[in-house]
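Here are my notes on this one, as numbered points. Have the coordinates open while you read.

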Amino acid sequence: MAPRLDFSDWWAKDTRKGTPVVVKMENPNYSVVEIGGPDSAFRPVEKSRGKNAKQVTWVLLLKAHRAVGCLTWLATVFWSLLGAIKKRLSFTNQLGSEKLGRDRWLFSAIKVFLAVSLVILGCEIVAYFRGWHYFKNPNLHIPTSTLEIQSLFHLVYVGWLSLRADYIAPPIKALSKFCIVLFLIQSVDRLILCLGCFWIKYKKIKPRFDEEPFRHDDAEGSGFAYPMVLVQIPMCNEREVYEQSISAVCQLDWPKDRILVQVLDDSNDESIQQLIKAEVAKWSQKGVNIIYRHRLVRTGYKAGNLKSAMSCDYVEAYEFVAIFDADFQPNPDFLKLTVPHFKDNPELGLVQARWTFVNKDENLLTRLQNINLCFHFEVEQQVSGVFLNFFGFNGTAGVWRIKALEESGGWLERTTVEDMDIAVRAHLHGWKFIYLNDVKVLCEVPESYEAYKKQQHRWHSGPMQLFRLCLGAILTSKIAIWKKANLILLFFLLRKLILPFYSFTLFCIILPLTMFVPEAELPVWVICYIPVFMSFLNLLPSPKSFPFIVPYLLFENTMSVTKFNAMVSGLFQLGSSYEWIVTKKAGRSSESDLLSITEKETPNKKSQLLRGVSDSELLELSHLEEQKQAVSKKPVKKTNKIYHKELALAFLLLTAAIRSLLAAQGVHFYFLLFQGVTFLLVGLDLIGEQMS
């Protein structure tokens, strides 16, 4: 008979009916069961199995196996890291290392700091094993009586404690509070920008224009009157990307008689010059209005190149100029999405499009760059464009009104950020800017740390140079006071000077210093909660990057060394503040480029293209084609570099982590440990692709 289902015990578990019966068996292999009622025999029985010696042994063996596996994994990781370090250090002389030059002042300061930290750590370890645990006492009870002094070393250690508490801790506390205030101000600015971006998305605010802005109706009938547009492609030794950028620009959808493409080649390699000339000749044969320019006197870097091109007589016939760097590939409808905004808007001087990256998923370095740049474009520039009509020109993927360039003084060669320079001067002259977040242009981000480091140095030293040069012009300009305050306080000081200053000072100097001066210890929310929240805000425009929030936070603190060094160099004109190094490109192709490769022209079409070319030119083009194929087949040796400042800071942070371990500071220890390992990986150039 099936057992009766009784659910009364669900709410009345303590109620028992019947007489309890205890059954005892002499056989030890059976367990004891207590029957609490007539239906108890049909209820599930909870068995409490006794553990014999064999079971305990197996459990211990299983736990030991897991522990050995974990230790083996840690040992493998540690051994691999040591192997990578040994490999990097053994080939330092062959691969080269970072050239410090006149910027070695920061490296020297870090070395001194590291040496002092190692000495103090040695003393603290000796004091710890001798039982002088004064750092564990919040009041730091320091012996004052001579009877409590055990030895000369004890006397020196007690003197160090007194010196630390009375003279070293107070200035560190003051500097910490100052940096924390700057940190909070910058965090509030970041939060306001994110709220502004949310408001733009909620209200669906975006620049718009008429459906047919160039339709022209007159007595002869209706038609389209397109303005004259000049397109410039400045480049310098861009062997990897010149072909795809010229190809993309020459396919822009615009009347052929209303557009002129200038290829502004500053290459000092004659083979690259010949390759670019051949590419220009190929598109010229297809009917594209394109010319090749090469300067004999190559001064002023990109600004000098653009200034020389704008001095041509035929430029007077053009109303707008679009600029694309050598690795940018605009879509065919780029001009039709940007130029119409100028119609019936005489105060508009610049239309800036957004960058999108063809190699953003190439490696960890490109993913982390994509996070920063997505926030810059979608949040900073979009909010500034909507609410202020001003932002820094990105140097490429934008269309300028030539009149705005001329009234603002044209391109100047005084800094390495000529794009920001012309934007600030145009803003001071009353011109307005528009940012188009939905118009995207493909480009590349640096795939190697060396290229990225040089790019960031130029991007952070140039603004400080410009700030020194244009501060007087800002103060004496006729724009509104709130615009002057925005330029000086927000655009330059907060986002270009304060950000790298507090990031490097607070997390790379003060934090490890407080491990040796516990009286000035930083609170946990400063080193953990607020940075994680700010990193969360930075990742909002790129939600697919949320798994990289911890590497992003650590890597940004690592890059603060380069940014701080560049900021100080630009502000005080130290070292390589006026140094322009072309960012290394990989020549990644988009999907459209790959499709076009599969649909290459047949030999018949190629012969039709070259039908109007002379025999000597045809021979030269064939020779260049063979040379290009030979270069592409040539094996490339990849090398890495050693970065001294990053390595010195890695050892400094790891030393501070050991000191925090003595004081049992959990959060501080883990942050310093992971940050030190990040500095070590970056210093050994183990992030990103190798340089060729």
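1. Ground rules first. Contact below means heavy atoms within 4.5 Å. This is a predicted model, where local features need pLDDT of at least 70, side-chain atom pairs count only at pLDDT 80 or more, and totals for chains, interfaces and linings use all residues. Residues are numbered from 1 along each chain as its sequence is written, and side-chain values use heavy atoms, with hydrogens and water left out.

2. The overall picture. The protein has 20 helices and 11 strands, where helices (H or I, at least four residues) and strands (E, at least two) are DSSP runs numbered from the N terminus. Of its 692 residues, 47% are buried; buried is under 20% relative accessible area, exposed is over 50%, and partly exposed is in between (1.4 Å probe, protein chains only). Among contacts with a separation of 6 or more, 80% join residues 24 or more positions apart. The accessible surface is about 36800 Å², and 60% of that belongs to carbon and sulfur atoms; areas come from the Shrake-Rupley method with a 1.4 Å probe, and for residues only the protein chains shown count as cover.

3. The cores. A nonpolar core here is a set of buried Ala, Val, Leu, Ile, Met, Phe, Trp, Tyr and Cys residues joined through side-chain atoms within 4.5 Å. Which members of the largest one touch the most others? Ile246 and Trp400 do, out of 87 residues. Strand E11 (residues 432-443) gives the most to this core, with 7 residues. Apart from it lies another core, of 64 residues, with Phe107, Leu494, Val517 and Ile527 among them.

4. Ile246 up close. Leaving out residues up to four places away in sequence, isoleucine 246 touches Ile233, Met235, Val263, Ile276, Glu279, Val280, Trp283 and Ile290.

5. Met310. Methionine 310 sits in helix H7 (residues 301-310) and is buried, at 18% relative accessible area. Glutamate 406 is 96 residues away from methionine 310 in sequence, with 9.6 Å from C-alpha to C-alpha.

6. Salt bridges. The rule asks for a side-chain nitrogen of Lys or Arg within 4 Å of a carboxyl oxygen of Asp or Glu, and the count comes to 21. One of them joins glutamate 378 and lysine 201 at 2.9 Å, N to O. Glutamate 378 lies in helix H9 (residues 364-387) and lysine 201 in helix H4 (residues 152-203), so this pair ties together parts 177 residues apart in sequence. Buried or partly exposed? Glutamate 378 is buried at 10%, while lysine 201 is partly exposed at 45%.

7. Aspartate 269 and arginine 239 form a salt bridge with their closest N and O atoms 3.7 Å apart. Aspartate 269 is in the loop between strand E6 (259-265) and helix H6 (270-285), and arginine 239 is in the loop between strand E5 (229-235) and helix H5 (242-250), so the pair ties together parts 30 residues apart in sequence. Aspartate 269 is partly exposed at 29%, and arginine 239 is partly exposed at 26%. Aspartate 421 and arginine 425 pair at 2.9 Å; both lie in helix H11 (residues 418-428), 4 residues apart, about one turn of the helix, and both are buried. Glu124, Arg164, Glu519 and Arg659 are linked in a network of salt bridges.

8. The annotated spans. The unreviewed UniProt entry lists "transmembrane region" for residues 64-85, 105-129, 180-200, 487-516, 522-540 and 642-662; positions follow the numbering used here, feature names are shortened, and annotations may be inferred rather than shown by experiment. In the model, residues 180-200 are 100% helix and 0% strand, with end C-alpha atoms 30 Å apart. Residues 642-662 are 90% helix and 0% strand, and their end C-alpha atoms lie 31 Å apart.

9. A surface patch. Leu184, Val524, Trp525, Tyr529 and Val667 form a nonpolar patch on the surface, with about 430 Å² of accessible area together. Patches take residues with over 30% relative accessible area and no salt bridge, joining like charges within 9 Å and nonpolar side chains (Val, Leu, Ile, Met, Phe, Trp, Tyr) within 5 Å. Helix H14 (residues 524-539) gives the most to the patch, with 3 residues. Tryptophan 525 is in helix H14 and counts as partly exposed, at 35%.
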